Amino acid sequence: MNGEENPQSPQNPQPAGASPPPRSPEPRQMTGRQRLAAGLWPPRVTRAQLIVAVLLFVLGLGLAIQVRSTNDDSALRGARQEDLVRILDELDGRTERLEDEKQRLDDQQTELENSSDQAEEARKQTREKEQQLGILAGTVAAQGPGITMTVQDPGGTVDSDMLLDAIQELRAAGAEAIQVNGVRVVAATYLSGSDGDIEVDGKRIEAPYLFKVIGKPQDLEPALNIPGGVVQTLEKEQATATVAADEEIVVDALRPAKRPDYARSSS
């Protein structure tokens, strides 16, 4: 045996002239962005994550509603003090009128339940209701406590919008019957004209304009005299308005009873 190395020996088992075996390819390294994308997609949502997402949605919805409610109140926050006082007075007056109406209905119910002749009691209440509706419709004269307001317009600057504002303020304060210069004011009443040439339901009226109003004087008079109200508005137009409370106001201007063309009682 010589010193040459045997190609078949265990130290070199590959035959001479043979190509080396192929190497396995090394795995390609991913970039940081690719690893992030692979971790996010496809999403793996657990039950706990789903519950947290629902809770966060509900919380966000509640915050949105709260913000919207806060924005709705911003109009009142920016209102003037006299406007807030006026709104508060109107709300107090409406609340008191609703409580009175509730008490009246409760009393009627008690009378019906306790009356020995419920049919007669029902007819009595029907007649009273008819009178009340007649007052509202202007077909029945009315009397009771209230106020008078006289508007002097020497310069002819008062227009129909100013008188309409006065009527609206009186209605909001609880006026139950209104008459202006001999014309009964009802729900369908309209005013037109300007510069002293004013019509109420097509009937021309002239200054001085006399309002006869039945209602609670303690509510009607302050409604006209509040800062920025009807009286001050008329004074800015060089007109004057005098308001006086009275325990006995008579509203006797009547409107003809008109039968509806289409509406009929459903009872």
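Visitor: Which residues is Asp-201 in contact with, leaving aside its neighbours within four places in sequence?

Guide: Val-183, Arg-184, Ala-188, Thr-189, Tyr-190 and Arg-255. Contact here means heavy atoms within 4.5 Å. This is a predicted model, where local features need pLDDT of at least 70, side-chain atom pairs count only at pLDDT 80 or more, and totals for chains, interfaces and linings use all residues. Residues are numbered from 1 along each chain as its sequence is written, and side-chain values use heavy atoms, with hydrogens and water left out.

Visitor: Where is Asp-201 found?

Guide: In the loop between strand E5 (197-200) and strand E6 (203-205). Helices (H or I, at least four residues) and strands (E, at least two) are DSSP runs, numbered from the N terminus. The protein has 8 helices and 8 strands.

Visitor: What makes Asp-201 count as buried?

Guide: Its relative accessibility is 17%. Buried means under 20% relative accessible area, exposed over 50%, partly exposed in between (1.4 Å probe, protein chains only). Asp-201 therefore counts as buried. Its side chain has a polar atom 2.9 Å from the backbone nitrogen of Tyr-190. Phi of Asp-201 is positive, about 55°, although Asp-201 is not a glycine.

Visitor: Is Asn-181 buried, exposed or partly exposed, and why?

Guide: Asn-181 has 27% relative accessibility, so it counts as partly exposed. Asn-181 lies in the loop between E2 and E3. Its phi is near 50°, a positive value in a residue other than glycine.

Visitor: Why does Ser-160 count as buried?

Guide: Because its relative accessibility is 8%. Ser-160 is found in helix H6. A polar atom of its side chain lies 2.9 Å from the backbone oxygen of Gly-193. Beyond its neighbours within four places in sequence, Ser-160 is in contact with Leu-191, Ser-192, Gly-193 and Ile-198. Across the protein, buried residues make up 24% of the 267 residues.

Visitor: Which residues touch the most other members of the largest nonpolar core?

Guide: Val-158, Leu-170 and Phe-211, in a core of 31 residues. Helix H6 (residues 160-172) gives the most to this core, with 5 residues. A nonpolar core is a set of buried Ala, Val, Leu, Ile, Met, Phe, Trp, Tyr and Cys residues joined through side-chain atoms within 4.5 Å. Leaving aside neighbours within four places in sequence, Leu-170 is in contact with Ile-147, Ala-175, Ile-178, Phe-211, Val-213, Leu-220 and Leu-224. A second, separate core of 5 residues includes Ala-142, Ala-177, Ile-249 and Val-251.

Visitor: Which peptide bond is cis?

Guide: The one from Ala-207 to Pro-208, with omega near 0°. Pro-208 is found in the loop between E6 and strand E7 (209-214).

Visitor: How many residues line the largest pocket, and which lie nearest its centre?

Guide: The lining has 31 residues, with Glu-101, Leu-136, Gly-174, Ala-175 and Glu-176 nearest the centre. On a 1 Å grid over the protein atoms alone, a pocket is an open set of points where a 1.4 Å probe fits, with protein on both sides within 12 Å along at least five of seven lines; lining residues have an atom within 4 Å of a point.

Visitor: Which element gives the largest share of that lining?

Guide: H4, with 7 residues. By type, the lining divides into 14 nonpolar, 5 polar and 12 charged residues. Asp, Glu, Lys and Arg count as charged, Ala, Val, Leu, Ile, Met, Phe, Trp, Tyr, Cys and Pro as nonpolar, and the others, Gly among them, as polar.

Notes
Polar contact = N/O pair within 3.5 Å; in protein donor to acceptor, adjacent residues only side chain to side chain.
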